[in-house]
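Here is a walk through the contacts between chains, with a few local details at the end. Have the structure open while you read.

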There are 4 protein chains.
Amino acid sequence: MPTGLWLIGARGSVAVTSVLGMLALRAGLTAPAGCVTELPAFAGTGLPGWDDLVVGGHDTAALPLLKKAEALADAGVVPARLVAALGAELTTVDSEVRPAPQASDQAAAAAAIQADLADFARRHGLDRTIVVNVASTEPAAVPHPAHADLDALRAALRSAEPVLPPSALYAYAALSAGCPYVDFTPSTGTRLPALTQLAEYQGLPYAGHDGKTGETLLKSVLAPMFAMRNLTVRSWSGVNLLGGGDGANLADPATNAAKAASKQRVLSETLGYRPEGDCRIEYVEDLGDFKAAWDLVTFSGFLGTKMRMEFTWHGCDSALAAPLVLDLARITAAAHRSGLRGPLPELAFFFKDPLDPRGEVPHGLAAQWHALESLADRLREAEEAR
Amino acid sequence: MPTGLWLIGARGSVAVTSVLGMLALRAGLTAPAGCVTELPAFAGTGLPGWDDLVVGGHDTAALPLLKKAEALADAGVVPARLVAALGAELTTVDSEVRPAPQASDQAAAAAAIQADLADFARRHGLDRTIVVNVASTEPAAVPHPAHADLDALRAALRSAEPVLPPSALYAYAALSAGCPYVDFTPSTGTRLPALTQLAEYQGLPYAGHDGKTGETLLKSVLAPMFAMRNLTVRSWSGVNLLGGGDGANLADPATNAAKAASKQRVLSETLGYRPEGDCRIEYVEDLGDFKAAWDLVTFSGFLGTKMRMEFTWHGCDSALAAPLVLDLARITAAAHRSGLRGPLPELAFFFKDPLDPRGEVPHGLAAQWHALESLADRLREAEEAR
Amino acid sequence: MPTGLWLIGARGSVAVTSVLGMLALRAGLTAPAGCVTELPAFAGTGLPGWDDLVVGGHDTAALPLLKKAEALADAGVVPARLVAALGAELTTVDSEVRPAPQASDQAAAAAAIQADLADFARRHGLDRTIVVNVASTEPAAVPHPAHADLDALRAALRSAEPVLPPSALYAYAALSAGCPYVDFTPSTGTRLPALTQLAEYQGLPYAGHDGKTGETLLKSVLAPMFAMRNLTVRSWSGVNLLGGGDGANLADPATNAAKAASKQRVLSETLGYRPEGDCRIEYVEDLGDFKAAWDLVTFSGFLGTKMRMEFTWHGCDSALAAPLVLDLARITAAAHRSGLRGPLPELAFFFKDPLDPRGEVPHGLAAQWHALESLADRLREAEEAR
Amino acid sequence: MPTGLWLIGARGSVAVTSVLGMLALRAGLTAPAGCVTELPAFAGTGLPGWDDLVVGGHDTAALPLLKKAEALADAGVVPARLVAALGAELTTVDSEVRPAPQASDQAAAAAAIQADLADFARRHGLDRTIVVNVASTEPAAVPHPAHADLDALRAALRSAEPVLPPSALYAYAALSAGCPYVDFTPSTGTRLPALTQLAEYQGLPYAGHDGKTGETLLKSVLAPMFAMRNLTVRSWSGVNLLGGGDGANLADPATNAAKAASKQRVLSETLGYRPEGDCRIEYVEDLGDFKAAWDLVTFSGFLGTKMRMEFTWHGCDSALAAPLVLDLARITAAAHRSGLRGPLPELAFFFKDPLDPRGEVPHGLAAQWHALESLADRLREAEEAR
């Protein structure tokens, strides 16, 4: 069951950590800590194995994967011994990374991406290729009338002026090439009516948005706790200190506002009201790939007594995100194989801002886990029915 | 549906906060924050209303409830305005608090307790009385052969030497008097084979142990989060700084050891292994009824990358415990009314160390909530079938 | 030695807490916790006693001091028993609070302020009056050519257009009336060349700026610790969550920027370099008069090993500021009495952004304390020489 | 000015980090971060340079320094590149480490230690050798009458039964051999009247006890801050989670009690009273050479308003201790060279539990720094007088 994993942003920290980890798992050099798909709930669900995955991708950066992996090892993100042991394998993956296409218009760029995907699939005899966006977060997309309709979009892509932000252009190309698309970032991706139509038309599954790796993960278990105990959350304020590639980007007020809003959404969804307080993102270069988040929650209990909790989270973003990228690729591959199409809201467990076409997606982590287990059950049944 | 709530330790902080809160709810002077039974899940389940509850109890202390409530107001635990408004009602409840019985042997003491309960029920025309233990935590019980069998116990109670610790003596008396028994403390209560036989024989429901109000509550959502994400918890160390009545008691090494062990149990039950680390209890008088808990969790993710989180919880024990005492009384009353008998493992949501007769009780809070919802559904069905 | 204390912003939280505290100290109803001038270092320095102080002030607000004090008691900032005991005394002080003057131009407004001060001094037979600004923080002043010269300023004040921000207008009026002026806020106050000339001409002492009550206080002991141990501070990031009157004001980006910069200055001054990181102020209404600050410090030690510390500070701004207001009034009164004139850099101990005319003021708290002790010694000598 | 540095416990984490750092500084491969003696205050004070130091020592362990350094690099305590670059130099130092002497009685053991020291000095042509104890913490010494008098001690050392704990036996041998002795641990060392007599008789300087590297360092700046602001500290509770070699040892209740007491002493000495609260040490193997300390301080300010602060310290013990070991060796060498004799209370800056023969040693860090600067001034004067 050879399965392609095509990474947009293939030379970034998350991508390289994912690739190194996949190679290490394949070689038996590490345990699958952090991989949700290795839990018993996923036994027998027809996921591609570590040996089945073939990785390629696009990136605007030129730094070879091996060099990037060495830099990650120096920063304490990945073990140096794995980089030393897997240099040849990293270089092999590196040979499958293509530069972002340069073209006269976006239609041509999309065609070039599709050609890269087709060539990749053909050369490796792949059953399917899952495209996952792990590139840097984009600014919010500039609205355009052609976003509303697939035919209009196809026409507009041939104009000189760009119509789609990069994440949506890659989504367009992926779906056009018959590849399921997963967006691990807060960027636009498939979130345009024209692209939803395209996925529908192609009969492809897709998923997103914005991998849930730290503060929001904690909120998704703590907010339900307050709700289940009928405690009134008065304020919830947080600050995220991020270094690394995405830190400077996310601390930019334009990008920040959208992200910060999506990070507070879990509160209103699980509590039923929006407590006071905001969630800030600050760039602190010294933290590198690690981030430090501090949250203060004030709440009141019986007879109005005021109480509070605080937490600090010291996480390594790449180490938290990378196994989820592999999980999403594997599950989406199995979903595609079993004939699922359209948005996959059952993957909300993985995302800060999950696709929620019918407004039914739960935001508490336990409920999201149940939804994910149900999906695993469906995949298992499909697998057993083969 | 007049329902008795009989509190062992009726003059303590938790009891007095419960009583004041119930009176304030009845008078419409406060909102039911912290009351789980006021969530929509409990609609139509036949719980006694705030007007239905009649409170009495036993205590060795003599300080009137009103005085205790004033002291709690001075300490910031309850609002002074409620104490001022409800002085007469507190004094009425006070008149129903009996001194702990003095008797020649434990059989006579039990008989005196039963007489107090019968008199209370008769005078108020109660349908049933729920006995809830909120007294100070006892040292671990001294084993005795008569604990193993009800007949042997009945005989032994007539000897001069005490056989049962107080919590178990009250449980014996309550069950003998036909009253369901709930233990909100880590003390022995019904956890002796002889008392299990007695509850069985009497056809009564019972529940316990050790109300879950702070650090363990947080563990019961955070540990499942690590498990669901397949992250390896390496160590989980905590310290609890407690003032107030139970602080000095719990910081005593003998009491502490049992309690600390029960506080780490949630980790092994939800993670499937026992991470390194302990949970300490220290007495800091200055904190009064508030407690401060700090936990450090070290964990490793993908490729072994080490990360950590910390949290601090500044809670008011009485304000967190009191609404749960009312919740437990109401649910146990409805369970009794609907004919349930034996242990109520569905109440694990409320306890650090839940009764678990068949080893099936979940320790993650979300799973415990589901079990509680199922119980509510059964109660609702029973109610609808009336 | 009757001494006036004239508060700009006399009906605000800090002012009312100061006044209530002074009255309570005078009546022997509280201990002088938080009052630096009650430490042994100030014995025999000729400070006015609690009985010597007579309080008045200006405010735009109309809420009586007693009502404000009751609101502070409800918020847990001051004890209700003191408000109850000192109602008459608060009302007496209230009768000395004047509305902010309405006038055709700022010259006339200044004259009205001077008349209020002169009337206050005459009626109470005061030796001197210290004017202390505790009003809300202003936006940064709009530059004006007349700020550079006293004569130009005097002329410009008669124009219809306002030339001075309120804090500077009060400083102008105070100095013109022969009153020492202390600015407890980050506002402009005396920080204009024209006002420095005026203070010089009048031979008056003055002091400021911005009372040091929380996070900056901690920085002023922690940063020197890192310096003395030759540890390299890599980043120092902080967030301040403030409710209360000044919170909304300070979280405003315009006000915030100036304040945040002054809060990081202690780092560069004591470390000798400016570590990465910023200091944010956020408004969280629920916190009321309390504030919560969290700081993360990353540092490296021997052989570059990376380490970190975090702290959280849960302080009550009014309770921290009020005794310092009294301290500053007492010390400035003694300084005036002993003939000191010009800026008082020895009061840097009290300020985030101390006046530092010769660039010699230390920013570490211990060094500031030594400077303050030296001032106390000079005052004692002057007193002994009388 | 060839100067010996003789380390008791030469193969432990602190010793090996010290040696590696000294070699790296000598080779210009690292900056002297964490070295107090590299601050401007020590310019011209006649300290031995990095090239002047020759290192040897005793240890019961056999693991070569290079292997230990590699293990420390794996644990993230020291950089692997330094270990790789300095392997030969580490091996050279290793050849100067002697096994702990086996002898029939302690007199013979002391003689063997003296012989090792003399041989070391002769072979390297050393001007002087400073002996520094960095071995694991001992249990409290068993009292013995011979501890009170040097002659009695000399006689008792010839009995079969051991009289001195190891740290004191090494101190006895060092002083007998004419070497100044510094104790970086909480063990007994020179703290016996007989050894004080010996140091006196030999005219040697000595210093100790217990290097101040984390929580106590913070207390020594924070407690004076509360005192200078006249804020009342109500409670100060702390927990230290330690892995590494000394963690298991210190968490032992016997060792722990003495250490914990010495860690709270700074509070009573700087505040003038002893606040409530204790300081716990717990062993958490997973933390390795790093430690995590959490402290909660509750305090009250003006009018009794209750406030609090918390801090967490994530430090690497070896990285914090090692440069201080080098500092102490260099300063003690210069003190010896300049003719100083007896205890060196001016080194209190470095210690949790400083020698304080006349009860005059300050416990606030700023005051300790002033005392250290004064010592530096004396050394500079002595150096200039040569």
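## The A–B contact: polar pairs and where they sit

Let's start with chain A and chain B, where 16 residue pairs are in polar contact, both partners being at pLDDT 80 or more. Keep in mind that this is a predicted model. For salt bridges between chain A and chain B, the count is zero.

Which elements of chain A supply the side that touches chain B? At least two residues each come from helix H1 (13–26), helix H9 (215–228), E9, E10, helix H12 (317–337) and helix H13 (365–384) of chain A. The top contributor is E10(A), which gives 11 residues to that side. By residue type, the side of chain A that touches chain B splits into 42 nonpolar, 15 polar and six charged.

The contact brings 63 residues of chain A up against 63 residues of chain B. Between them, chain A and chain B bury about 4600 Å², and carbon and sulfur atoms account for 69% of that. Look at Arg229(A), Phe302(A) and Leu303(A) if you want the residues of chain A that lose the most area to chain B: together they make up 21% of what that side buries.

## A strand pairing across chains

E10(A) pairs with strand E10 (residues 306–316) of chain B, running antiparallel over seven bridges. To find your way along the pairing, pick Met309(A): its bridge partner in E10(B) is Trp313(B).

How are chain A and chain B related? Rotating by 180 degrees, with 0.0 Å of shift along the axis, superposes chain A on chain B at an RMSD of 0.0 Å. The C-alpha of chain A nearest that axis belongs to Phe311(A), at 2.0 Å from it. Both copies use the same surface, as 100% of the contact residues of chain A recur in chain B.

## The A–C contact

Now turn to chain C. Here 23 residues from chain A meet 23 residues from chain C. The area buried between chain A and chain C is about 2000 Å², with 51% of it given by carbon and sulfur atoms. Three residues stand out on the chain A side: Glu276(A), Asp286(A) and Trp294(A) supply 28% of the area that chain A buries against chain C, more than any other three residues.

How many salt bridges run between chain A and chain C? The count is four. In one between Asp286(A) and Arg234(C), the side chains come to 2.5 Å, N to O. Asp286(A) is also one of the three residues that lead the buried area on the chain A side. Polar contacts between chain A and chain C come to 16 residue pairs, with both residues at pLDDT 80 or more.

## What builds the A–C side, and its symmetry

On the side of chain A that touches chain C, the elements giving two or more residues are strand E7 (232–242), strand E8 (279–283), strand E9 (290–300) and strand E10 (306–316) of chain A. The residues of that side divide into eight nonpolar, five polar and 10 charged.

Chain A superposes on chain C through a rotation of 180 degrees with 0.0 Å of shift along its axis, and the RMSD is 0.0 Å. The two copies are therefore related as by a two-fold rotation axis. Here, too, the same surface serves both copies, since 100% of the contact residues of chain A recur in chain C.

## Backbone details worth a look

Most residues other than glycine have a negative phi, and most peptide bonds are trans. Against that background, check the bond from Gly208(A) to His209(A): it is cis, with omega near 5 degrees. His209(A) lies in the loop between strand E6 (205–208) and H9 of chain A.

Chain B has a cis peptide bond joining Gly208(B) and His209(B), where omega is about 5 degrees, and His209(B) is in the loop between strand E6 (205–208) and helix H9 (215–228) of chain B. Asp210(B) is in the loop between E6 and H9 of chain B, and its phi is positive, near 80 degrees, in a residue other than glycine.

## A salt bridge within chain A

Over all chains, a search of the whole structure finds 80 salt bridges. One of them joins Arg337(A) and Glu383(A), with the closest N and O atoms 2.7 Å apart. This pair links distant parts of the chain, with Arg337(A) in helix H12 and Glu383(A) in helix H13 of chain A, 46 residues apart.

Conventions. Residues are numbered from 1 along each chain as its sequence is written. Chains are lettered from A and ligands numbered from 1 in the order in which they are written. This is a predicted model: local features need pLDDT of at least 70, side-chain atom pairs count only at pLDDT 80 or more; totals for chains, interfaces and linings use all residues. Side-chain values use heavy atoms; hydrogens and water are left out. Contact means heavy atoms within 4.5 Å. Buried area is the accessible area (1.4 Å probe) that two parts lose on being put together, summed over both. A polar contact is a pair of N or O atoms within 3.5 Å; within protein, one must be able to donate a hydrogen and the other to accept it, and residues adjacent in sequence count only if both atoms are side-chain atoms. Helices (H or I, at least four residues) and strands (E, at least two) are DSSP runs, numbered from the N terminus. Ala, Val, Leu, Ile, Met, Phe, Trp, Tyr, Cys and Pro count as nonpolar, Asp, Glu, Lys and Arg as charged, and the others, Gly among them, as polar. Copies are superposed by least squares on the C-alpha atoms of residues with pLDDT of at least 70 in both. Two strands pair if DSSP finds at least two bridges between them.
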